[in-house]
Amino acid sequence: EPGDPVNPLDLAPVIPVVVIDDVSTAVPLARALVAGGLPVIEVTLRTPVALDAIERIAAEVPQAVVGAGTVRTRAEVTDARNAGSRFLVSPGCTPRLVSAALGSGLAFLPGVATVSEAMSLLEEGITEMKFFPAEAAGGVPFLKSIGGPLPQVRFCPTGGVRLATAPDYLALPNVACVGGTWLTPAEALKTGDYARIEALAAEAAALRP
Ligand code: 3PG
């Protein structure tokens with residue numbers, strides 16, 4: 001139900017990160033992801049129609065849990081919440097953004113790429129984080145290393161993760177799920193190939209049977 005608390009990390013092995021250019025694709029793409037077995041959808045606030053897309057998915061695809069990604073400012077926290085986002089994802093974790101996101105009452109997945117950033121978030125009581133940009137910032141070896149000193153953090157590595165590399169991340173004890181854009185190729189959205197998106201989602205959902 002909208003309004004119920006959700007933890008986007010616990011719903012599927014993969015969080016699809018989507019960039020929506022044409023708002024008319026929002027509902028069919030959300031339906032395709034859900035049909036493939038991925039109920040979580042992170043709509044990045046990188047296009048002018050992103051908030052409208054979140055609103056439509058929230059209204060028309062009740063089986064989906066839609067959130068906003070690429071949240072960078074206080075204003076975006078408010079806009080994302082008003083559009084019906086169930087959770088917020090950010091690429092980084094400035095103190096101002098963290099306080100706004102915590103104040104929103106929504107689930108919040110802040111991005112970190114260093115040990116100090118993770119420690120700062122732990123000081124705020126946050127134990128679930130996006131590791132971004134995962135491949136560029138150290139990938140699987142980084143997460144293995146940080147699991148020693150900070151075992152209480154659960155990560156969603158995102159950034160350069162693909163179907164072929166997801167299993168190595170998912171095998172780590174401190175990885176809850178991974179995120180990525182590979183499920184919704186721009187070409188499939190352009191041509192309305194939702195069967196392809198559903199097939200990619202099904203493949204990803206099967207990463208953790
Ligand atoms: C993000 O913001 O999470 C990244 O852009 C993910 O993109 P990628 O899966 O294409 O690396």
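For these legends, Ala, Val, Leu, Ile, Met, Phe, Trp, Tyr, Cys and Pro count as nonpolar, Asp, Glu, Lys and Arg as charged, and the others, Gly among them, as polar. This is a predicted model, in which local features need pLDDT of at least 70 and side-chain atom pairs count only at pLDDT 80 or more, while totals for chains, interfaces and linings use all residues. Residue numbers start from 1 along each chain as its sequence is written.

**View 1. The shell around the ligand.** The ligand has 13 residues around it, and V17, T158, G159, G180 and T181 are the closest. To be near it, a residue needs its C-beta atom, placed from the backbone, within 6 Å. Split by class, the shell holds nine polar residues, four nonpolar ones and no charged ones.

**View 2. Helix 3 beside helix 4.** Helices here are DSSP runs of H or I with at least four residues, strands are runs of E with at least two, and both are numbered from the N terminus. Helix 3 (residues 74–82) and helix 4 (residues 95–104) bring their axes within 9 Å and cross at roughly 20 degrees. That makes the pair roughly parallel, a label for angles under 35 degrees, with over 145 being roughly antiparallel, 65 to 115 roughly perpendicular and the rest oblique. The axes are lines fitted to C-alpha atoms, for helices over the stretch in contact, and angles between N-to-C directions run from 0 to 180 degrees. R74, V77 and R81 of helix 3 make the contact with R96, L97, A100, A101 and S104 of helix 4. Contact here means C-beta atoms, placed from the backbone, within 7 Å. By class, the residues of this contact are four nonpolar, three charged and one polar.

**View 3. Helix 1 against helix 9.** Helix 1 (26–36) packs on helix 9 (residues 194–205) at about 35 degrees, with the axes 7 Å apart. This crossing is right-handed too. On the helix 1 side you'll find P28, L29, A32, L33, A35 and G36, and they meet Y194, I197, E198, A199, L200, A201, A202 and A205 of helix 9. Twelve of the contact residues are nonpolar, with one polar and one charged.

**View 4. Helix 1 over helix 2, and what covers helix 2.** The axes of helix 1 and helix 2 lie 9 Å apart, at an angle of about 55 degrees. The two helices are therefore oblique to each other, and their crossing is right-handed. A26, V27 and A30 come from helix 1, and A53, R56, I57 and E60 from helix 2. That contact divides into five nonpolar and two charged residues, with no polar ones. Along helix 2 (residues 50–60), A50, L51, A53, I54, R56, I57 and A58 are buried. Buried means 20 or more other C-beta atoms within 10 Å of a residue's own, exposed means 12 or fewer, and partly exposed is in between, with C-beta atoms placed from the backbone. The cover over these residues includes helix 1, strand 2 (40–44), strand 3 and helix 3.

View 5. Most residues other than glycine have a negative phi, and most peptide bonds are trans. T70 isn't a glycine, but has a positive phi of about 55 degrees. T70 sits in the loop between strand 3 (65–69) and helix 3, and counts as buried because 20 C-beta neighbours fall inside 10 Å. P133 is in the loop between strand 7 (128–131) and helix 6 (139–146).

**View 6. P157 and its surroundings.** P157 belongs to strand 8 (residues 154–157). With 32 other C-beta atoms within 10 Å, P157 is buried. Leaving out residues up to four places away in sequence, P157 touches F131, A134, L143, Y169, V175 and V178. D22 is 135 residues away from P157 along the chain, and their C-alpha atoms are separated by 27 Å.

**View 7. Two partly exposed side chains on helices.** K144 is in helix 6 and is partly exposed, with 14 other C-beta atoms within 10 Å. R196, in helix 9, also counts as partly exposed, with 17 C-beta neighbours inside 10 Å. From C-alpha to C-alpha, K144 and L170 are 12 Å apart, at 26 residues apart in sequence.

Key. Two residues are in contact if their C-beta atoms, placed from the backbone, lie within 7 Å. A crossing is left-handed if the near helix is turned anticlockwise from the far one by less than a right angle, and right-handed if clockwise.
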